[in-house]
Amino acid sequence: MTTTLHLVPHTHWDREWYLPFQRFRLRLVELMDGLLDLLERDPDFRFTMDGQLAAVDDYLQIRPENTERVRKLAAEGRLTIGPWTVLLDEFLVSGETIVRNLAAGCRRGAELGPVMDVGYLPDMFGHVAQMPQILRRAGFGDAVLWRGVPARIDRHAFAWSAPDGSTVRAEYLLGGYGQGVELLDIPDRVAERIAAYHDGRRAFAGEEHVLAMFGGDHVMPRPETSELVARANADQDRYRVRIATIAEYLDTVRDLDDQLPSWSGELRSGARANLLMGVASLRLPLRQAAARAERGLERYAEPLQALYGGDWPVRLLDVAWGNVIVNSAHDSICGCSLDEVDAQVRVRYAEAEQIAAGMADTVVQRVAADVARGSSVVFNPSPLPRAALVELDHVVPESFQDVAVELGDGTRVAAQAAAVGAPVLYDEVLAGRDAAEAVFGRMHARELLGRLLNGYHAGDVGGQPTLTFDVDFEPDPILLDLDQLRAEVARRLAADPDADWRVRVIGRPRRSVAAVVSAPPLGFATARPVEGHGTLEHPVTVSAAGLDNGLVSVTAADDGTLTLTGDGVALTGVGRLVDGGDAGDSYNYAPPPADVLVEQPSEIDVRVAETGPVRGALVVHRAYRWPAGLADDAAGRTDETVACTVITRVEVRAGEPFARLRVALRNPVPDHRLRFHVPLPGRVERSFAEGQFAVVERGLEAEGGHGEHPLPTYPAHGFVAVDGVAALLNHVTEYEIVADGTELALTVLRATGMISRNANPYRSDPAGPQVAIPGAQLLEPCALEFALHPHRDAWHEAGVVEAAEAYRLPFMVERGSGETTGELPGPGLALHGEGVVLSALHHRDGWLEARVICERPTPVRGRLEGGVVEAREADLLGTPGAALDVTAGGVDLDLGPFQIRTLQLRRGR
């Protein structure tokens with residue numbers, strides 16, 4: 001029998017890693033120049049361009065004259081491009097970023113030629129549960145992958161299903177994306193090497209067809225490939241070697257499948273390949289920057305612009321999303337790269353965040369222009385009615401004994417106001433001849449010392465002639481003639497230029513007023529501080545012992561840990577901090593063989609920071625002495641210790657069933673891991689983690705086998721829940737269930753200094769070059785923020801999805817700048833259905849496009865409404881589908897468990 005060996009020439013192109021982007025691009029230009037020449041010279045040659053368009057576009061930006069050459073070769077099917085923009089890390093970005101990455105790649109790929117019809121995923125550090133549904137809803141039926149495949153899969157292909165039941169055919173790259181790279185290295189032994197290669201995977205591949213990926217990291221195409229293949233075919237007849245693209249190989253073998261093994265859910269096994277799970281805890285500031293940029297675009301900028309903006313700002317959004325997408329490349333977002341790369345990634349995130357914040361602010365400020373001064377407008381970013389704490393910053397008269405907040409409908413709610421005071425920004429005694437210059441020399445138009453001049457008055461203060469200049473953050477609604485004001489001041493001072501004058505610049509007496517304000521779904525409300533009292537549901541009471549709002553209570557123990565009680569659940573000893581050494585690297589945490597754990601503080605101080613009734617807070621200071629680093633042989637930690645104070649702020653707000661926490665420190669030592677422990681009310685056997693459009697169930701153990709220690713540390717995006725408590729998260733956070741299922745541990749930070757360590761105790765082979773990355777030691781201020789939500793029922797019956805939404809999405813607030821308050825814009829869009837969440841709301845081709853997900857394990861009847869007059873289904877790439885029935889301004893949605901739906905809507909004027 002003749003076996004066909006499908007030789008797939010390719011390269012795996014890490015855009016930035018152990019070299020920065022531009023250095024790697026120099027190599028890319030060399031590769032692509034040679035590749036185009038080779039393809040045009042050799043009609044038998046094919047090349048798979050790593051499934052990502054970024055490599056092609058990075059090249060064409062330097063060689064735009066070669067665009068038509070790329071188009072021609074792609075049209076011939078000999079150069080395969082796309083479908084991704086970049087090969088991303090699936091666990092460290094939002095589900096929406098995954099969709100936008102794929103959509104942008106397909107859109108750009110279509111401009112250059114046919115897009116490879118394969119979900120190519122060759123080097124992701126595991127795969128999210130919803131990837132089969134994402135691929136199916138974008139029109140793809142095949143996935144090609146390597147890492148994460150469990151030992152139970154014993155064939156080269158398997159049926160991979162998402163939680164909703166969507167299934168794709170997954171081609172398993174046994175041995176990795178470079179398993180065939182050496183097959184042609186010794187021309188006289190090609191037949192022998194092919195036979196040995198087949199023997200090593202016969203149990204998986206069978207006898208008829210076998211795949212050999214002929215490439216690897218930054219590997220250049222080999223010009224002699226066709227010649228060597230022809231020689232191998234002529235020298236023997238046991239194997240027929242065929243040069244193919246990965247798509248051509250799949251077209252050949254797809255219909256030969258018989259009774260494929262199956263797998264449902266995420267792929268995070270280390271049975272046959274390193275999973276490299278430690279990247280989830282690496283470079284905490286990078287995780288935070290990614291979340292701010294994604295959340296700013298997905299939940300603020302795009303919905304505000306779509307519902308209330310003018311012309312759709314496509315170019316700005318392309319820039320912002322372009323930055324977020326290229327940053328999702330696995331060596332970029334994982335942080336397992338040079339410090340130079342990390343700096344560039346964070347700049348791109350900062351630019352995306354700036355665009356998102358600016359676009360959101362523009363809309364809210366436009367609305368605020370029609371809201372009277374003295375009031376604020378607030379925006380609710382959730383598609384459900386919510387009440388949330390807001391901070392109002394207004395001039396509040398000192399005469400107000402009590403302060404409340406009045407809403408637009410006249411309702412008054414209780415407020416918590418900071419102490420009033422008129423800040424003195426400048427106060428000097430000067431000779432008259434110098435006094436004017438002291439003030440006017442500091443002015444830029446109306447701006448004075450960072451505020452706006454509203455006038456002045458002259459008088460006698462304590463027997464001293466005094467000029468007092470009145471400034472505020474907001475201008476008074478009057479025409480201020482600065483020339484006239486200058487002249488008037490000059491005349492006063494010129495009367496006696498040698499006399500001493502006291503010159504003061506005083507801000508108006510503002511107060512920060514906190515109140516719980518209600519706002520409609522994706523809509524606006526107004527609020528203004530007034531004198532008097534108001535109502536408040538579940539107010540916070542504060543004592544030296546702790547905080548309590550009737551829904552959740554917190555008390556501090558003598559050792560600095562907390563007792564957290566709510567919904568009939570009591571958690572004690574919460575917040576024990578455990579610090580241990582890390583002799584690993586950016587890919588894998590590994591404790592030194594003789595580790596020293598530090599968990600007992602030497603000093604403890606607990607103080608009340610805020611006294612309610614809207615918000616109460618305790619601050620816990622704990623002093624520790626941590627080993628100064630690893631011993632020289634990395635077998636243990638040093639005897640020398642360094643002092644570190646960890647400050648934990650715990651906050652309870654009126655009406656919230658969870659406690660907010662912030663764990664902050666200035667990290668003084670390298671090579672260690674710090675974790676926050678939450679003892680559970682009982683032993684658990686599983687956890688539930690939200691992320692990338694799903695909530696996945698995980699056990700207490702991880703599967704290993706390849707040489708990597710199978711640590712059951714996992715990433716979670718929105719929350720991690722176990723029986724009794726959910727941790728609500730601001731960004732991707734690493735967690736582990738420890739102590740035989742009785743504690744939840746959240747990683748506060750992990751400090752390490754190598755991309756890869758050749759002698760990593762928890763991994764047998766290197767994952768990259770042994771290159772120093774001192775920036776990953778995080779010798780800087782760090783803070784982890786999260787919330788703890790005690791609950792008695794299962795996570796999907798206890799409102800955890802809704803609590804996570806409330807925690808992650810604060811209201812926007814903007815001071816009114818108009819003469820009077822007019823009618824607020826609206827309505828927004830309301831999304832009904834328990835556990836139904838909004839992932840995107842933006843414009844596409846004149847339609848409003850919304851993406852909704854059922855994040856629960858049971859079906860739900862949902863509804864999207866708000867002036868809808870026409871609606872239709874769409875796929876994840878935005879291709880329109882069937883029309884939907886519209887009733888009473890909305891669309892009813894029957895959603896299956898974890899189903900993703902994309903809808904396109906038109907609304908009435």
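# Exercises on a predicted model

Of the 909 residues of the protein, 60% count as buried. The model is predicted, so let's work through it with that in mind.

## Exercise 1: Overall form

Task: Work out how the radius of gyration of the protein relates to that of a compact globule of 909 residues.

Solution: 
- Start with the expectation: a compact globule with 909 residues would have a radius of gyration near 29 Å.
- Next, take the value for the protein, 31 Å, which agrees with that expectation.
- Finally, look at the chain's elements and contacts. There are 16 helices and 50 strands, and among contacts between residues at least 6 apart in sequence, 75% join residues at least 24 apart.

## Exercise 2: The nonpolar cores

Task: Find which residues have the most contacts inside the largest nonpolar core.

Solution: 
- This core has 107 residues, and W160 and L728 have the most contacts inside it.
- Helix α13 (residues 339–368) provides the largest share of this core, seven residues.
- Now pick L728 and set aside its neighbours within four places in sequence: its contacts include F658, F719, F786 and Y807. Also among them are G718 and H789.
- A second, separate core has 58 residues, including L389, V552, L571 and A659.

## Exercise 3: The largest cavity

Task: Identify which element gives the most residues to the lining of the largest cavity.

Solution: 
- The structure holds ten cavities of 30 Å³ or more, and the largest has a volume of about 410 Å³.
- Its lining consists of 25 residues, with R299, E690, H717, R808 and L838 nearest the centre.
- Elements giving two or more residues to this lining are α4, α10 (284–308), β34 (687–691), α16 (800–808) and β44.
- The answer is α10, with five residues.
- Sorted by class, the lining of the largest cavity has nine nonpolar, seven polar and nine charged residues.

## Exercise 4: The second largest pocket

Task: Describe the second largest pocket by its volume, its lining and the classes of its lining residues.

Solution: 
- The volume of this pocket is about 1,100 Å³.
- It is lined by 37 residues, and A104, R107, D318, W321 and G322 lie nearest its centre.
- Helix α11 (314–327) is one of the elements that supply at least two lining residues, and α11 gives the most, with ten.
- By class, the lining of the second largest pocket has 14 nonpolar, eight polar and 15 charged residues.

Conventions
Residues numbered from 1 in each chain as written. Predicted model: local features only at pLDDT ≥ 70, side-chain atom pairs only at ≥ 80, totals over all residues. Heavy atoms only, no water. Core = buried A, V, L, I, M, F, W, Y, C linked by side-chain atoms within 4.5 Å. Buried < 20%, exposed > 50% of the residue type's maximum accessible area, 1.4 Å probe, protein only. Helix = DSSP H or I, 4+ residues; strand = E, 2+ residues; numbered from the N terminus. Contact = heavy atoms within 4.5 Å. 1 Å grid on protein atoms, 1.4 Å probe; cavity = no way out; pocket = protein on both sides within 12 Å on 5 of 7 lines; lining within 4 Å. Points joined across faces, edges and corners; volume = space filled by probe spheres on them. Nonpolar A, V, L, I, M, F, W, Y, C, P; charged D, E, K, R; others polar. Rg over C-alpha atoms; globule rule 2.2 N^0.38 Å.
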